[in-house]
Amino acid sequence: MALAESRRSELWQVMRKGEAFDVASGLPESELRAAAAKENEKPDPLWWDFGREYVASRWRTAAAKTREGLADSLATVALAMVEGGKKAPTPEETRLAMRWRSYPRTRTRSRRWNW
């Protein structure tokens, strides 16, 4: 209830300043401009890019089994994130892609797969 009252107070202050509100969303124009500016910022990374950057940041200091565990963990999460459908990769293909292509040493080794 306190959060709702705080938000109500913010909206009243904006209204008292004479700022216009968007009819469709009900938000003040300043908030819409801020949201539009935020959309123009760097977007959140794709899961694939995040996984590769994460493994690369840990690669130099990780032991061999830790490296394998990192790739396997990312593959497990990738399986949960892949939607099913006619063109969806099989779980085996997803796991192979994450384990093979997340290792920094194999990123540029083979160009025949477009993962």
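Student: In this predicted model, which side chain does Glu68 meet in a salt bridge?

Tutor: Side chains of opposite charge can pair when their charged atoms come close. Here the side chain of Glu68 meets that of Lys65, with 3.9 Å from N to O, and both residues lie in helix H4, 3 residues apart, about one turn of the helix. Because its relative accessibility is 66%, Lys65 counts as exposed, whereas Glu68, with a relative accessible area of 34%, is partly exposed.

Student: How many salt bridges does a search of the whole structure find, and which residues are linked in a network?

Tutor: The search finds 4 salt bridges, and the network links Arg7, Glu10 and Glu31. Within it, the closest N and O atoms of Arg7 and Glu10 are 3.1 Å apart, and these two residues are separated by about one helical turn, being 3 residues apart in helix H1.

Student: Which residues of H3 are buried, and which are exposed?

Tutor: An α-helix has 3.6 residues a turn, so residues three or four places apart point the same way. In H3, the buried residues are Trp48, Gly51, Val55 and Trp59; they cover an arc of only 65° around the axis, and therefore lie on the same side of H3. Glu53 and Ser57, on the other side of H3, are exposed.

Student: Which helices each supply at least two residues of the lining of the largest pocket?

Tutor: Rolling a probe the size of a water molecule over the atoms shows where empty space is left. The largest pocket holds about 230 Å³ of space, and among its 11 lining residues the closest to the centre are Trp48, Ala78, Val82, Thr94 and Met98. Helices H3, H4 and H5 each supply at least two lining residues, with the largest share, 4 residues, coming from H5. By class, the lining has 9 nonpolar, 1 polar and 1 charged residues.

Methods. Residues numbered from 1 in each chain as written. Predicted model: local features only at pLDDT ≥ 70, side-chain atom pairs only at ≥ 80, totals over all residues. Heavy atoms only, no water. 1 Å grid on protein atoms, 1.4 Å probe; cavity = no way out; pocket = protein on both sides within 12 Å on 5 of 7 lines; lining within 4 Å. Points joined across faces, edges and corners; volume = space filled by probe spheres on them. Nonpolar A, V, L, I, M, F, W, Y, C, P; charged D, E, K, R; others polar. Buried < 20%, exposed > 50% of the residue type's maximum accessible area, 1.4 Å probe, protein only. Arc of directions from axis to C-beta.
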